[in-house]
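Please look over the structure before reading on.

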Amino acid sequence: MLHQNLVGGEWVAGRSVRQNINPSDVRDVVGEYAQADEAQTDQAIAAAREAFKTWSVSSVQQRADILDRAGTAILARKDELGQLLAREEGKTLPEATGEAMRAGQIFKFFAGEAVRIQGEKLASVRPGVEVEITREPVGVVAVITPWNFPIAIPAWKIAPALAYGNTVVFKPADLVPGCAWALVKTLVEAGLPNGVVNLVMGRGSVVGERILASPQIDAVTFTGSVATGRALAVKAVQSGKKVQVEMGGKNPLVVLDDTDMPTAIGAAVNGAFFSTGQRCTASSRLIVTERIHDAFVGALLERLRTLKVDHALKAGTDIGPVVDQTQLEQDQRYIDVARGEGGKIHGGERLNRETEGFYLAPALVTETRNTMRINREEVFGPVASVIRVKNYDEALAVANDTEFGLSAGVCTTSLKYASHFKRHSQAGMVMVNLPTAGVDYHVPFGGRKGSSYGSREQGRYAAEFFTTVKTAYIQA
Ligand code: ADP
């Protein structure tokens with residue numbers, strides 16, 4: 001079956017077709033998906049612009065009802081969507097099903113937010129005048145998403161866009177069109193009017209560039225790599241678009257002498273290696289104080305040896321494959337870089353399984369320094385390094401010594417150190433005795449420094465990006 005693009009409420013063939021390949025089994029074709037060209041992208045933008053006229057002034061009840069129905073439908077189909085997600089992206093079935101559930105919960109949350117849009121009313125400093133501050137939709141929003149969370153990230157951008165009255169041009173990542181298509185289909189079935197969400201699957205260099213060049217796009221919300229995000233932000237600003245960019249991380253997990261070891265090992269294994277380490281919030285730098293360094297590394301390596309790397313849909317798999325050949329090569333290149341810099345590599349071998357896929361054993365690099373490339377650049381794979389430090393003060397300094405600032409964690413039983421770290425970490429999200437990855441859907445998500453640009457996503461803070469403020473002065 002050919003999955004088509006959605007433009008102005010019509011399913012339309014693209015200019016070409018792309019096969020969606022299962023990274024656990026490269027002979028398994030998940031489906032065929034349309035690829036838009038520039039002209040089709042223009043049509044999608046025009047359809048969104050047209051639909052904005054009515055959707056922007058639609059009743060909040062109508063928006064709430066549609067979002068709620070979509071959320072219910074996603075939750076009801078979580079197993080099927082989880083299967084599709086695991087098949088096209090390679091995270092394990094439990095992780096994928098959890099992600100599908102989260103997408104459903106996000107739609108439910110923003111159904112509620114639609115009827116809670118708030119303003120303010122103040123007395124003017126001038127007698128007889130009142131001042132009213134209201135939030136209005138921004139306009140046509142482009143949603144450009146990465147491959148690592150094929151349904152959750154589109155959900156957390158599209159749901160608030162719609163709740164606040166915007167229309168959407170959605171360009172998912174090339175590698176994972178399946179969940180994107182299924183999500184858009186669900187929205188149509190939930191009663192979304194024609195043109196309110198338009199799906200343009202296709203290449204970033206074609207569809208993405210066209211979106212950025214279009215004066216008809218008012219705002220762009222992007223999650224993806226650092227290089228693409230930075231270039232995109234510059235173009236968006238140059239053309240006067242509102243922009244929100246979520247990019248990489250080099251997230252530290254600090255483990256202090258007084259940690260509860262099972263808690264620290266659990267946080268490190270989950271944060272660094274689950275979802276194959278392909279999370280922008282992954283714990284890629286494990287910063288460990290010297291007294292427990294050896295015990296921590298020993299326990300962690302023992303635990304890593306028990307993890308099963310296999311087909312994402314197989315029961316009992318802990319870590320699925322890397323998403324594709326390009327990413328696999330990047331992971332292996334970074335392992336080589338770390339070795340060349342003097343790091344000691346544990347694991348990281350290419351693995352063969354029953355089916356041909358991009359299987360890589362989790363890699364731990366010990367004996368590293370924070371100045372090494374392996375500790376400066378995002379790998380985006382099942383690769384983490386250990387940095388030995390003297391004490392808490394050095395741990396905090398090393399944790400903050402990075403161009404990124406998405407998530408940071410500390411494992412300690414000390415309230416003093418936990419509180420100090422929470423206050424002095426330069427990350428947008430701080431975790432105490434928890435992995436750096438794994439966040440709730442109802443609170444803000446985002447980073448500082450080189451990790452993010454623009455206002456926060458998710459929770460009620462999403463209103464900052466998806467609305468624009470109007471100040472009205474009224475003399476009765
Ligand atoms: P990744 O492929 O690791 O997810 P990218 O930053 O390459 O990270 O891609 C994130 C999203 O940005 C994808 O949907 C991709 O197609 C899109 N993209 C890539 N290049 C561009 C570009 N030049 N302009 C706009 N979007 C782009």
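## The second largest cavity

The second largest cavity holds about 70 Å³ of space. A cavity here is a set of points, on a 1 Å grid over the protein atoms alone, where a 1.4 Å probe fits but cannot get out. Its volume is the space filled by probe spheres set on the points, which are joined across faces, edges and corners. Sixteen residues line this cavity (an atom within 4 Å of a point). Pro-252, Ala-399, Thr-402, Phe-404 and Ala-427 lie nearest its centre.

β13 (251-255), α12 (392-400) and β20 (407-411) each supply at least two residues of this lining. Helices (H or I, at least four residues) and strands (E, at least two) are DSSP runs, numbered from the N terminus. By class, the lining has six nonpolar, seven polar and three charged residues. Ala, Val, Leu, Ile, Met, Phe, Trp, Tyr, Cys and Pro count as nonpolar; Asp, Glu, Lys and Arg as charged; the others, Gly among them, as polar.

## About the model

The model is predicted: local features need pLDDT of at least 70, side-chain atom pairs count only at pLDDT 80 or more, and totals for chains, interfaces and linings use all residues. Residues are numbered from 1 along each chain as its sequence is written, and side-chain values use heavy atoms, with hydrogens and water left out.

## The largest cavity

There are three cavities of 30 Å³ or more. The largest cavity has a volume of about 80 Å³. Its lining counts 13 residues, and Gly-277, Ala-282, Ser-284, Phe-380 and Gly-381 are the closest to its centre. Five of the lining residues are nonpolar, five polar and three charged.

## The largest pocket

The largest pocket contains about 1100 Å³ of space. A pocket is an open set of grid points with protein on both sides within 12 Å along at least five of seven lines. It has 42 lining residues, with Trp-147, Phe-222, Gly-224, Ser-225 and Thr-228 closest to the centre. The lining divides into 18 nonpolar, twelve polar and twelve charged residues.

## The ligand

The ligand takes up the space of the largest pocket (more than half of its atoms lie within 2 Å of the grid points). α7 (204-213) gives the most to the shell around the ligand, with three residues.

Polar contacts are pairs of N or O atoms within 3.5 Å. A ligand nitrogen is 2.6 Å from a side-chain N or O atom of Glu-209. A ligand oxygen lies 3.1 Å from a polar side-chain atom of Thr-228.

Note on methods. A polar contact is a pair of N or O atoms within 3.5 Å; within protein, one must be able to donate a hydrogen and the other to accept it, and residues adjacent in sequence count only if both atoms are side-chain atoms.
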